[in-house]
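Visitor: Could you take me through one part of this model, the space enclosed inside it and whatever surrounds that space? A close look, please, in one go.

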Amino acid sequence: MEKKDLEKSIVVVATELFLSLGFKSVTMDDIAVEMGISKKTIYNFFENKEQLVKKAVFNLYEAITSGIENIRSQSENPITELFEVKMFLMQQLKGEKASPQYQLQKYYPSIFKELQKKQFDFITITVVKSLQKGVEMGLFRPDMNIDFIARMYFNGMTAIKNVELFPKNIYAPEKLMEHYLDYPLRAIVTEKGKLLLNPFLKTAYA
């Protein structure tokens, strides 16, 4: 395997383990065993675990934002877009079992802070564009404060990842996303927008 491909494989495997077991629990030994290589080989690419965590986190971020942009470019309207993005995110993070965002914030606060800044910039800019498009299409209320709604959207996306606020034994992650999209959208859709929204909600709560 070429050096570049090996580095990429290390990041892919590390990302899967981090999502499944948590940033704190996974060691460099665990990654080496999973890949069938020596720990020394991993250290040829990454000086320490924190460097590998950062690479894994931002690789995943780039993959997710790229996927969202692709969905936005092909979606017929902002309501369909939001639900397609939801399905995409659930697919991308299907191995997320150990509250990785919570662990990242606790054990790697500098990486978490940098990630959150990137997420805020991307999400607010993206949501503002979608809301503006929805208003132009007559799907969203023209009197809403678009910047405020975009910031609230980001705040909500962050909050539902907080396992202390939403314990997994009470709130299943996939249902949290359903509820999160439901209530804010009901508040901003027009009658025309409601006609598009209702089929998605019926499917979600079926």
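Guide: Lining the largest cavity are Leu82, Val85, Lys86, Leu89, Tyr153, Met157, Met177 and Leu181. A cavity here is a set of points, on a 1 Å grid over the protein atoms alone, where a 1.4 Å probe fits but cannot get out, and a lining residue has an atom within 4 Å of a point. H5, helix H8 (146-159) and H9 are the elements that give two or more residues to that lining. H5 provides the largest share, four residues. The space comes to about 30 Å³, with volume taken as the space filled by probe spheres set on the points, which are joined across faces, edges and corners. By this rule there's one cavity of 30 Å³ or more.

A word on what you're looking at: this is a predicted model, where local features need pLDDT of at least 70 and side-chain atom pairs count only at pLDDT 80 or more, while totals for chains, interfaces and linings use all residues. Residues are numbered from 1 along each chain as its sequence is written, and side-chain values use heavy atoms, with hydrogens and water left out.

Now for H5 itself. Helices are DSSP runs of H or I with at least four residues, numbered from the N terminus. H5 has 15 residues (78-92), and at 1.5 Å a residue it should span 21 Å; its end C-alpha atoms are 21 Å apart, so the two agree. That expected span is 1.5 Å times one less than the number of residues. An α-helix has 3.6 residues a turn, so residues three or four places apart point the same way.

The protein averages 90, and 96% of the residues score at least 70. H9 (residues 173-188), though, has the lowest mean pLDDT among the elements, 83, while helix H2 (residues 28-35) has the highest, 97.

Stepping back, the protein has 10 helices and zero strands, and 42% of its 206 residues count as buried. Its C-alpha atoms fill a box of roughly 60 × 35 × 30 Å along the principal axes.

Note on methods. pLDDT = per-residue confidence, 0-100. 1 Å grid on protein atoms, 1.4 Å probe; cavity = no way out; pocket = protein on both sides within 12 Å on 5 of 7 lines; lining within 4 Å. Buried < 20%, exposed > 50% of the residue type's maximum accessible area, 1.4 Å probe, protein only.
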